[in-house]
Amino acid sequence: MMRWNADQKALREGLRHWHEALSAGHIERDAAAAFPYEQWKLIQRTGILGLPFDEQWGGLGQSLLTTMYVLEELGAGCRDGGLNFSVATHMVSVGVPLQRFGSPALKQRYLPGICSGGTIGAHAITEPESGSDALAMRTTATREGEDFVLRGGKCFVSNGPVADVFVVYARTHPDGGPLGITAFLVERDTPGLTVGAPVGKMGLRTSPLGDLYFDDCRIPASAVVGRIGSGFLVLDHVMKWEILCSFVINAGQMGHRLERCVEHARTRTQFGRPIGANQAVAHRIVDMRTGLETARKWLYDTARRLTDGENVTTDVATSKLLTSESNVASAQAAVQIFGGQGYLTECGLEKDLRDATASTLYSGTSEIQRNRIASMLGL
Ligand SMILES: Cc1cc2nc3c(=O)[nH]c(=O)nc-3n(C[C@H](O)[C@H](O)[C@H](O)COP(=O)(O)OP(=O)(O)OC[C@H]3O[C@@H](n4cnc5c(N)ncnc54)[C@H](O)[C@@H]3O)c2cc1C
């Protein structure tokens, strides 16, 4: 059981008065499938984008656990799931690797914009031929004098269509396996980089996603994040943060959904009594709560152990698997509990289900998480 101090609670509560403005028009924005620039400006004003980054760059210097505690509140209060996803992606894709592995020059140049949100971040790992098998990536970065030249392409880049900077993972050694990958900071207007238009998708529609193409895209060697050949280490660190930060937002969303369902089960009357008086409905709600509480415990416990320097590879996989699958189950249960109303766009719950469906895919699919856990069991 996590215990939060007064400062942590104040940070979390400070976000509450932004909830209404952040959520306003979220159903219409989902239908428009456009990045909500106006709400992004509000997000900038909340200060949450700088939560885990050092104060010298304009951040709030908070721990991973405090960052998660505040992000859970964002998930609970901001009904725009796409915007929430873009916030987590922005924070972890560029800021997290720069803070841990970036050179002083890279930090100085990019972290202030990442903390304020004036510079939007994204990261590019997935390629058309390498998704789950990310290390099979084919995009190359070839050393030419003082520069590297990127050739290839990436897909599924969240925030890609609106991002100003990307952390791009590319192969610097043809046979190097994991040690042949390097992370690079690439600015959007770099000659040779083409950013594709947003690609239509099932959910998270206000978080645009697209392709990147690198056609002799020349970047200075100073844009390497970490060391040449350390891209796998950078990605491993980033994926841990990505899972903990974006899935604690899912936990917040599940908490809000649970409250709505309890309220509805108490107030919707059929056959002369509240629908929640039926065990079939009440048990569905209990399952939602059990999924949420288990996910929360795993997420925060894993974050605490990561902070303590423990090996949490399997715990991260378990947290991700549990939270995403509980999220989908809870979103589906909510539609059922609301009956026909739950199926209507105006109710917001069908959007929740479409958004939740992505969570068993991004950051490593459920199957890949199960493979990781199986391999820890020696299978
Ligand atoms: C909303 C969203 C946002 C994303 N954002 C980003 C981003 O910002 N940056 C980025 O680089 N990528 C991003 N991705 C891409 C994401 O990481 C990949 O979609 C994911 O890793 C799966 O790869 P794939 O889609 O190529 O599926 P595939 O790898 O082709 O898998 C297809 C199916 O086969 C299963 N499968 C594959 N291999 C195995 C195996 N060994 N054992 C069992 N089952 C297996 C998978 O689990 C899946 O069910 C995003 C994806 C989504 C949906």
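In this predicted model, helix H8 passes helix H10 in a left-handed crossing. The axes of H8 (residues 231-267) and H10 (residues 313-337) come within 9 Å and cross at roughly 25°, and since angles under 35 degrees count as roughly parallel, H8 is therefore roughly parallel to H10. On the H8 side the contact is made by Lys-240, Ile-243, Phe-247, Asn-250, Ala-251, Met-254, Arg-257, Arg-260, Cys-261, His-264 and Ala-265, while the H10 side includes Val-316, Ser-319, Lys-320, Thr-323 and Ile-337. Sorted by class, this contact of H8 with H10 has ten nonpolar, eight polar and four charged residues.

| Helix pair | Axis separation | Crossing angle |
|---|---|---|
| H8 and H10 | within 9 Å | roughly 25° |

Turning to the chain as a whole, the domain assignment gives domain 1 (6-120), domain 2 (122-229) and domain 3 (232-376). The centres of domain 1 and domain 3, taken over C-alpha atoms, are separated by 21 Å, and the contact between these domains takes 24 residues from domain 1 and 28 residues from domain 3. Helix H3 (26-32), helix H5 (64-77) and helix H6 (81-101) are the elements that give two or more residues to the side of domain 1 that touches domain 3. By class, that side of domain 1 has 14 nonpolar, five polar and five charged residues.

The ligand brings in another pair of domains: domain 2 and domain 3 both give residues to the shell around the ligand, so the ligand lies between them. Of the 20 residues around the ligand, Gly-131, Ser-132, Ser-158, Thr-365 and Glu-367 come nearest. Strand E1 (121-124), strand E3 (147-158) and helix H13 (366-376) each supply at least two residues of this shell, which by class has ten nonpolar, nine polar and one charged residues.

Definitions and conventions:
Residues numbered from 1 in each chain as written. Predicted model: local features only at pLDDT ≥ 70, side-chain atom pairs only at ≥ 80, totals over all residues. Near = placed C-beta within 6 Å. Helix = DSSP H or I, 4+ residues; strand = E, 2+ residues; numbered from the N terminus. Nonpolar A, V, L, I, M, F, W, Y, C, P; charged D, E, K, R; others polar. Domains from an automatic or database assignment. Axes fitted to C-alpha atoms, helices over the stretch in contact; angles between N-to-C directions. Parallel < 35°, antiparallel > 145°, perpendicular 65-115°, else oblique. Left-handed = near helix turned anticlockwise from the far one by under 90°. Contact = placed C-beta atoms within 7 Å.
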